[in-house]
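Thanks for coming. Please have the picture open.

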Amino acid sequence: MKNNIPPFLLNTPSSLPSKRGGGKINTSYIDKGIESFAGILKEGYTQWELASKTGFFYELDTRIKVVFWLFFIIVISFKKEILPELGIFFTIFALSLLSRVNLINFYRKIFLLGFIFGFLISLPSSLNVITHGKVLFPIITLSKPYDFWGYHIPEVIGFTGEGFSVVALLTLRVLNSLSISFLILYTTPFPEIIKALKILKVPDTFLVIISLAYKYIFIFARIVADMHLAKKSRLAGAVNRSDARNWVAGRIAFIFRKTQLKCDDVFKAMIGRGFSGEIKLYQYRKIKGRDWIVGSFLFIIGSLFLWA
Amino acid sequence: MEIIKVEGVHYNYYNRFPALIDLSLEINRGEKFAVIGSNGSGKSTLLQILNGLLFPSQGRVFFHTYELSERSLKEKDFVRFFREKVGFVFQDSDIQLFCPTVIDELLFGPLQLGLEKNEALERAVEIMQMLKIENLKDRPSYMLSGGEKRRVAIGSILTMNPEVLLLDEPTSGLDPKTQVFLLELILALNEAGKTIVIATHDLSLVDELQSKVAVLSEEHRIEKIGSAEEILRDEDLLLKVNLIHEHVHYHGQTAHTHIHSHYLFHRH
C-alpha cells in the first residue's frame with residue numbers, strides 16, 4: 001500500500017492561507033431551504049418534549065382533548081359573527097395560559113400562519129368588487145363603471161366596511177382553528193393523538209398513513225440535513241445556481257430511491273411482526289373523574305358559543 | 001506542532017440535548033488521533049465541529065492559528081484554504097456520494113479547488129489505481145457495494161489532497177478484507193504525512209493504529225487522553241465508558257465469563 005500512494009498525496013502545500021478575506025460567501029436560497037428543512041427535526045423534538053410536560057391541558061385525557069378539538073372546530077366553522085369568534089379566541093387563550101404553554105412561541109406561529117392563510121388570502125374579498133357596501137378606503141377610480149359577463153366593476157374600487165367584517169371573521173376563524181389545533185399539538189405527544197383517533201374509530205388505513213408519514217418526515221429531514229453537511233464539507237466556495245439546482249435534482253432522485261427502499265423495508269418489518277392491516281392497541285387507561293368534569297365544562301362552553 | 005486545538009467546547013442539539021461538554025484537546029501535525037466512546041457519546045459531533053460543519057455553543061476551535069467560526073467559514077479565501085486542508089469521510093457513504101458517477105465524484109473536489117481539468121483527472125486516475133476502483137469509474141454510486149462506496153468516499157476526499165483526514169467510523173459495516181485494506185491505507189497515508197483523526201468504538205482499530213486516544217464518556221466529556229497502549233490497558237476506564245463489558249463465550253464445551261474486550265485481550 002505504501003508504494004501505491006500517488007506522488008501528489010506526498011506533496012503538502014503551504015499550511016498558511018495566502019490571504020484572508022476575498023469577500024463573503026452568500027448563503028443560497030437552496031442552503032436556506034435545506035437548513036429550514038433540518039429545522040423540522042428540531043420542531044419534532046420540541047413538540048415531543050413540550051407535550052410531555054405537566055399542566056392543565058397536558059394532563060387531560062387525549063380522547064377528551066380530541067373530542068373537544070373536533071367539537072370546537074365545528075363551532076368555529078358554524079359561527080357567522082365576530083363576537084362569538086372573539087370569545088372563542090380568548091377562551092383558547094385562557095386555556096393556553098392555564099396550561100403554561102410558552103405563549104410567545106405559541107402565538108408567533110399562529111399569528112404568522114393566520115396572517116398568511118386568513119388575512120392575506122381573504123383580503124381581496126373586502127373590495128367592493130366582491131363584497132358590496134360602502135367604500136371606506138378607495139384605491140382606484142375608473143373613468144366609468146364596467147359590466148361584462150355578468151360582473152359589475154364600479155367606478156370607484158376600494159375596501160368596504162362590510163368587506164372588512166368578512167375578512168375579520170375569516171381571519172378569526174383561521175386563528176381560532178390554528179390556536180385549538182396547536183394547543184392540542186403542544187400538549188399531547190403525537191402517538192397519544194393517534195391512539196385517541198383509533199379509539200374514536202378513525203379508520204386504521206388513515207392512521208397508518210399518518211403515522212408513517214410523520215415518521216418519514218423525520219427520517220428524511222435527517223437524511224437531507226446530513227447530505228447538506230456532506231456537500232458543505234467538500235465545497236471550497238460558493239456554488240453557482242445551476243450547479244445547486246443540479247445537485248438538488250440529483251438528491252431528490254436519491255431520496256426517492258431511498259424512500260422506496262425504506263417503504264419496502266418498513267412494510268416487510270411490519271409483516272414480519274404479524275401486521276395484518278389492523279392496528280392493535282394495548283388497553284387504554286380509563287378516563288378519570290377529573291377528565292369527565294373538565295370535558296363536560298369544555299362541552300358546555302362550546303355549546304354556549306354555538307347557541308350564542 | 002499542533003494543527004487542531006479545541007478549547008472548552010460545548011455543543012447541544014436543538015439547544016436541549018448535550019452532545020459535548022467542556023471538551024479540550026490538541027492534535028499535532030502528522031499524528032494519528034482516535035476519539036473513542038460508546039454510541040451517542042458525541043464522537044461524530046466532535047468530528048463535524050473539527051470540520052467546521054457545526055459550531056460550538058461555547059468554546060473555540062482552531063485550525064493552525066485560525067479560529068473556525070461561522071464568520072471565518074464565510075470568507076471565500078479561508079473556506080477554500082480550510083476545505084482543501086481538511087477532508088471529512090462520513091460514516092454513511094450514501095449521503096456523501098452525490099455525483100452521477102464515481103469519476104465525477106472523484107473530480108468534484110479538485111475542480112472545486114480550481115485545479116485544471118487535466119490535473120484533476122490525473123489525480124482521480126491515480127486515486128482509483130491506489131484504491132483499486134478503476135473498474136467502477138463510470139458506475140453510479142447507488143450501484144456500488146458498501147465497501148466500494150466507502151472506497152469511493154475516501155477517494156473523493158483524497159483527490160483534494162487534504163492535510164488532515166477526519167474519518168467517522170471508517171471500518172464499520174465492512175467485511176474483514178476491506179477493513180484490512182482501509183487500515184493499511186490509513187497507516188500509509190499517515191506515513192505520507194497526513195494527520196489522521198478517527199472516531200470509532202472499535203478498540204481493535206485503535207490497537208492496530210497505535211494512535212493517541214481521547215476517550216469520551218457517556219456524559220459527553222473527555223475522560224482521558226493518552227497513548228493507545230495506556231488507554232487499552234485501563235480496563236476500569238473502558239468499563240466505565242461502556243467500551244468493554246462482561247461477556248460469556250465458549251471454548252469447546254466450556255463456557256466462561258470475561259470482563260474485557262474480545263478483540264484486544266482475547267484476540268479471537
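**Sheet, helices and chain contact**

In chain B, four strands make an open sheet in the order β2-β1-β4-β5, with antiparallel pairing. Two strands pair if DSSP finds at least two bridges between them. Helices (H or I, at least four residues) and strands (E, at least two) are DSSP runs, numbered from the N terminus. The model is predicted: local features need pLDDT of at least 70 and side-chain atom pairs count only at pLDDT 80 or more, while totals for chains, interfaces and linings use all residues. Residues are numbered from 1 along each chain as its sequence is written, and chains are lettered from A and ligands numbered from 1 in the order in which they are written.

For V6(B), the bridge partner in β4(B) is V61(B).

Now the chain as a whole. Chain B has eleven helices and twelve strands. Its radius of gyration, taken over C-alpha atoms, is 19 Å, close to the 18 Å from the globule rule (2.2 Å times the number of residues to the power 0.38) for 268 residues, so chain B is as compact as a globular protein of that length. Buried residues, those with 20 or more other C-beta atoms within 10 Å of their own, C-beta atoms being placed from the backbone, make up 48% of the 268 residues in chain B.

Next, a helix pair. In chain B, helix α5 (residues 117-131) packs against helix α6 (residues 146-158) at an angle of about 145°, with the axes 10 Å apart. Axes are lines fitted to C-alpha atoms, for helices over the stretch in contact, and angles run from 0 to 180 degrees between N-to-C directions. The contact includes I127(B) of α5(B) and I154(B) of α6(B); two residues are in contact if their C-beta atoms, placed from the backbone, lie within 7 Å.

Last, the two chains. Their contact takes 38 residues from chain A and 41 residues from chain B. On the chain A side, α8(A) gives the most, with seven residues.

Key. Buried ≥ 20, exposed ≤ 12 C-beta atoms within 10 Å, placed from the backbone.
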